[in-house]
Amino acid sequence: MKMHPGRILGIIMGLVILASVFLLPFVGSQTLYASTTPVLNNLTAIQQSGDFPTIASSYITVIVLVLLVMAGLVGIFPLGTGIIGVFAMALFTVGPILIYPSLGAPSYGAGYFVIWGASIASLAASFWHRRRDKKVTVNNEVTITNSAPAGAPQPKQWKLSRCGSISRTRYHPGPRSPL
């Protein structure tokens with residue numbers, strides 16, 4: 001199986017997304033995984049607090065973590081990586097603005113911007129394919145001959161040119177048959 005350059009770039013961008021989730025600072029000085037682990041451990045306490053902005057922020061952070069890990073794992077399919085990554089990052093970006101503005105916008109780290117770039121690059125890579133050299137042979141001339149019964153005049157020959165027009169090469173007039 002030959003891999004086109006877009007698929008190779010998609011795999012690389014998937015690995016970059018995974019590395020950014022687990023190794024690069026995402027929010028403040030913490031990685032996305034490190035900032036989501038306490039939320040996962042205390043999810044019931046967060047739900048019982050009744051504070052809607054905190055609950056919404058916690059769920060969105062968990063959903064974004066799951067989506068970004070999925071985006072990194074499906075790197076062999078650059079379109080899937082790009083769409084899932086862009087959707088997850090849009091969800092994480094829009095959350096503080098529209099869903100829970102009372103918590104304020106977080107300070108984004110390098111991982112945030114690297115994941116945005118990798119998601120967009122993976123989406124663009126899905127449209128990058130290797131040129132395929134197709135060898136097409138074209139028959140330049142076709143001869144059509146009408147067959148005539150025994151004793152009838154000579155058959156007519158027609159040549160079809162390359163552009164589709166028909167030119168008569170030989171014409172043998174003869175008596176017309178009543179049929």
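This is a predicted model: local features need pLDDT of at least 70, side-chain atom pairs count only at pLDDT 80 or more; totals for chains, interfaces and linings use all residues.
A residue is called buried when its relative accessible area is under 20%, exposed when it is over 50%, and partly exposed in between, using a 1.4 Å probe and protein chains only. Keep that in mind for Ala88, which sits in helix H5 and counts as buried because its relative accessibility is 0%.

Residues are numbered from 1 along each chain as its sequence is written, and side-chain values use heavy atoms, leaving out hydrogens and water.

Now the overall layout. The protein chain has 6 helices and 3 strands, where helices (H or I, at least four residues) and strands (E, at least two) are DSSP runs numbered from the N terminus. Starting at the N terminus, the order is α-α-α-α-α-α-β-β-β. Of the chain's 179 residues, 28% count as buried.

How do the helices pack? Two packed helices are described by the angle between their axes and the distance between the axes. Axes are lines fitted to C-alpha atoms, for helices over the stretch in contact, and angles run from 0 to 180 degrees between N-to-C directions.

| Helix pair | Axes come within | Crossing angle |
|---|---|---|
| H4 (residues 52-73) and H5 (residues 78-99) | 9 Å | roughly 165° |
| H2 (residues 32-41) and H4 | 10 Å | roughly 130° |

The angle in the H4 and H5 row makes H4 roughly antiparallel to H5, while the one in the H2 and H4 row makes H2 oblique to H4. The cut-offs are under 35 degrees for roughly parallel, over 145 for roughly antiparallel, 65 to 115 for roughly perpendicular, and oblique for the rest. H4 passes H5 in a left-handed crossing, and H2 passes H4 in a left-handed crossing too; left-handed means the near helix is turned anticlockwise from the far one by less than a right angle, and right-handed means clockwise.

Is Leu73 buried or exposed? Leu73 belongs to helix H4 and counts as exposed, because its relative accessibility is 62%. Leu73 and Ile11 are 62 residues apart in sequence, with 8.6 Å from C-alpha to C-alpha.

Phe22 counts as partly exposed, because its relative accessibility is 37%.
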